[in-house]
Amino acid sequence: MGLALKEEFFDEPSCEHNGAAKEKKACKTAVPGSSTGGCALDGAYIVLSPIKDALNIVHAPINCLGNSYNQRTSKAEKGKNYYMYGFTTAINENDLIFGSEEKLRQGIIYTNDRYKPKGIFVYNTCVPALTGEDIEGVSKELSVKLKIPVVPVLSQGFSGNKNLGNKIAGDALFTHLIGKKEPKIDLMGEFNINLIGEYNIKGELFLVKKALKSIGINVLSTITGDSTVEEIMYSHKAELNVVICSKALVYLARKMKEKFGIPYIEESFFGMTSTNKAITDIVNAIGNMELIKKTKDYIKIMTKKTEEKTYEYKKFLTGKKVLLYTGGVKSWSMISALNDLGLKVIATGIKKSTDEDKLRIIKEFDKNGNIIMLDNGNPVNLIKIARENNADIILAGGRNQYTAIKSLIPFLDVNQERLQPYVSYEGIECMAKIIYSEIKSPLFKLLKESIG
Amino acid sequence: MVNSMVNRLKNIEINPLKTSSSLGAAVFFLGLKNAVVLMHGAVGCASFDKVTLTKHFRENIPIVTTALNETGAILGGKDFLISGINNVYEKMKPDFIGVTSSGLTETQGEDISGIIKEFKNFKNAQNIPFAKVIYASTPDYKDGFEEGYLAAMLSLLTEAVGKNKEGGSYKKSNRTKAKNKKSVNVFCPPSFTPQDFLELRETLDDFNLKPIMIPDLGLSLDGHLDERGYLQTTPGGLDAKDLTDIFDGEFNLIIGLSLKDAVKNIEGLTGLKTYYFSNLCGLKNSDDFFNLLSKATGKEIPEKYKRRRSRLMDAYLDAHFYFSGKEIALALGIDLLDSFSAIYSEIGANLKLGITTKAIDGIDIEYGFLNLSEGDLDLLDNCGNLDMIVSNSNAKFYAENLGIPLLKAGFPIIDEIGHNYKHYILYDGAINLVIESANLLFTE
């Protein structure tokens, strides 16, 4: 009844966090009195809300949705903006006493009648999970009645962090949508892949798709940037899953491999080396000789083009020092992107990284030189490391923006609040330009001279 | 047709205007100096609020969580709360730890207030310095932003009284103060921008009064580069040292419709004469306020404010043409709805629709609203012809769909910067609002 979480979520054979310390369930704990990331609801909402013809109803008191909706930057190519609307049952005191299943039921029916979505995600949260409301029952009943998928998402926040929420969302897609429809024949290309964990932040998906299209690869489904419910339902027809910068959704890829036999690879599109590698890995996995040859030529052309475009920036950026503090896969995938631009990474955050991630940092970046591994994201510590090592810029998530700029250290947001797309070939140029402008800005010098 | 405060019967909020009481309490605590907010709940409770507040104020927001997990949710969260408080103090050495509860912790039914009382007694017995722990009960399923803010305010006052009241009479503080300045306690509503706080401070200063603002978001979230660089706690705000001065005050000033119900309570807790204003917006309300200050201090209204007054009258004249025949919808929290309505009704704007967070009788009649409801932003849909919406960033869906301008005010404003520099109170504030509105309504 909502409370029961699959043990499987905490036992990911393909995740390195499992390995040595199985008993500590590494991804689950947070220290009271610290500032942590989001909860399971947050993580699930991030994954599912970009689906542009679905609605998201959060069954909760006002705070879970009311305090923070309409903040994601997932772009949709066309269609209504209802997917970004905030829907909540706003559970009140009366509901708590008398139960709110009926309220939820009526709420779902009302939104369905009014907006005619292709699917509805219903999120469970702490309070109804604690009082034991049967969200799964209501969803099942209404799926039949309304003739659209009404998907229960068991994302009560006390179950765990954002990462767990990503998995819960992946599980909801796997259980309720994937494999339930067949694609129309004209939607299939010669080579069909899915992108998993790509949310089209600042239109990044469009850039990745553009590169893949140039070599003749069809993105059948994206989970979930700029996607539709139907597209996710027929995603099982792809021949390869490409998981982008997400450990949490490897869970989904593994489930799809088990059930539909779709192999998966994990890639990143940050920087030229990564982009070239990702595209090469994809075509190698597909294994068509002609495609592989075509891709080699494409990469050669794009590499040359991008190098020309970033030449001036690179000249300035070479040898400049970066402190990188971001999560998981990005702890190493970004290093490659920064090295491509001549930047030297002096430290990288590894708080959310797996042993595999850490090993890659040590192994793959010997040309970068020694990298400090930051296990402690405490802002005071970040500033100390940045100052001691004369960092020219801090690249991190939005929560560290004020840590950096209040200390008069240049800053760039590389997480979901980023102001520009940074992936694929066009993204490299964007990133070069913006790091260049930030480090070069006269402002920091002026303020240092003027303060105190 | 006047349709007063219809509480539409429905089962779902679509793009809510309302936010939670824990968020309101958090905002109050952020107006205390060297403070940290500790939210007792799952990690998301703190994280969602922190993200929104950071985007709204464009400042570091010191909110942390007790990180209640499954075990705590079922078996009780006491250990999480206590270790949360201790860890915050160890790491950040704040003067204040503002604790809020959540839907989760209140549903669970634990006696949070009792746990904190016990903890404080334990700390007092140890007789070593510790932060002031102020607790506001904020179940998310009850009330909203304004009530949470007020709960935190009353909790702080009660704490100050407890420290200061011995044998039924108030102890006067022994601190040496600038003799020529009388202090006055100022209670502002949560709708005040940091700049509103600063404007009010300056005005009181001009009347030779030393304001003790409870809370003071002007000194904490105005957006200033502190020479100490990055700080883990609030960089400014109401100073713990000033708490005892509350009882030396000349009088209390309470501003804001949402604080109205607490007037008697605050008067009782402080034992001081209390003046209440539902808002400080528009010509008449500003006049009343300046007249009171003049009367209470025996000081003539400074020339600079007389000049501002005449500029407001002129701005009204310049701007009023652009309101002619235009219909405006306001979707704002109760304080800002009341404040802006006061200004708009003076200039003769047509207030077609009002949406707010709490039913208050009589506002629609006072300001001539055609329709005023408690509800969500979705009431903006299908309300007929409109020329402008005044609301927070979330109303942009409706403004875009209708193809009309959105004047961003209230909370949250997350898609533009500079809100902390704007102010809408007193003569200058009214000028700001009518000019900003007129420019949005201005069509060639």
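Leaving aside neighbours within four places in sequence, which residues is A:Ile394 in contact with? In this predicted model, the partners of A:Ile394 are A:Leu323, A:Tyr325, A:Ala386, A:Asn400, A:Ala404, A:Ile409 and A:Phe411. Here, two residues are in contact if their C-beta atoms, placed from the backbone, lie within 7 Å. A:Ile394 turns up again in the largest nonpolar core, a set of 270 residues in which A:Val153 and A:Ile394 touch the most other members. Helix 7 (residues 145–164) of chain B gives this core its largest share, nine residues. A nonpolar core is a set of buried Ala, Val, Leu, Ile, Met, Phe, Trp, Tyr and Cys residues joined through C-beta atoms within 7 Å. A residue is buried if 20 or more other C-beta atoms, placed from the backbone, lie within 10 Å of its own, exposed if 12 or fewer, and partly exposed in between. Helices (H or I, at least four residues) and strands (E, at least two) are DSSP runs, numbered from the N terminus.

A word on bookkeeping. Residues are numbered from 1 along each chain as its sequence is written, while chains are lettered from A and ligands numbered from 1 in the order in which they are written. Since the model is predicted, local features need pLDDT of at least 70 and side-chain atom pairs count only at pLDDT 80 or more, whereas totals for chains, interfaces and linings use all residues.

As for confidence, pLDDT is the predictor's confidence in each residue, from 0 to 100. Chain A averages 90, with 93% of its residues scoring at least 70. Residues 19–28 of chain A fall below 50, and that stretch has 10 contacts in the model beyond near neighbours in sequence. Chain B has a mean pLDDT of 92, and 94% of its residues reach 70 or more. In chain B, pLDDT stays under 50 over residues 1–8, which have 14 contacts beyond four places in sequence. Where pLDDT is low, the predicted coordinates should not be read in detail. For the complex, the predictor gives an ipTM of 0.94 and a pTM of 0.94.

Where the chains meet, 56 residues of chain A are in contact with 56 residues of chain B. Several elements of chain A supply at least two residues each to its side, including helix 1 (40–48), helix 3 (93–98) and helix 15 (379–388). Helix 4 of chain A makes the largest contribution to that side, with five residues. By class, the chain A side holds 25 nonpolar, 27 polar and four charged residues. For this count, Ala, Val, Leu, Ile, Met, Phe, Trp, Tyr, Cys and Pro are nonpolar, Asp, Glu, Lys and Arg are charged, and the others, Gly among them, are polar.

Chain A splits into domain 1 (7–176), domain 2 (185–297) and domain 3 (310–450), with bounds that come from an automatic or database domain assignment. The C-alpha centres of domains 2 and 3 of chain A are 27 Å apart, and 18 residues of domain 2 are in contact with 20 residues of domain 3. On the domain 2 side, helix 8 (204–214) and helix 11 (272–286) of chain A are the elements giving two or more residues. That side is made up of eight nonpolar, seven polar and three charged residues. Elsewhere in chain A, helix 7 (residues 162–176) is mostly covered, with 14 of its 15 residues buried.

Chain B is also divided, into domain 1 (3–12 + 305–441), domain 2 (21–143) and domain 3 (181–281). The C-alpha centres of domains 1 and 2 of chain B lie 34 Å apart, and their contact takes six residues from domain 1 and five from domain 2. B:Leu440 sits in helix 16 (residues 426–441) of chain B and is partly exposed, because 19 other C-beta atoms lie within 10 Å.

Finally, a few backbone details stand out. Most residues other than glycine have a negative phi, and most peptide bonds are trans. A:Asp226, not a glycine, has a positive phi of about 50 degrees; A:Asp226 is buried, because 22 other C-beta atoms lie within 10 Å. B:Asn127 has a positive phi too, near 60 degrees, but B:Asn127 is exposed, with 7 other C-beta atoms within 10 Å. In chain B, a cis peptide bond joins B:Ile214 and B:Pro215, and the bond from B:Phe411 to B:Pro412 is cis as well.
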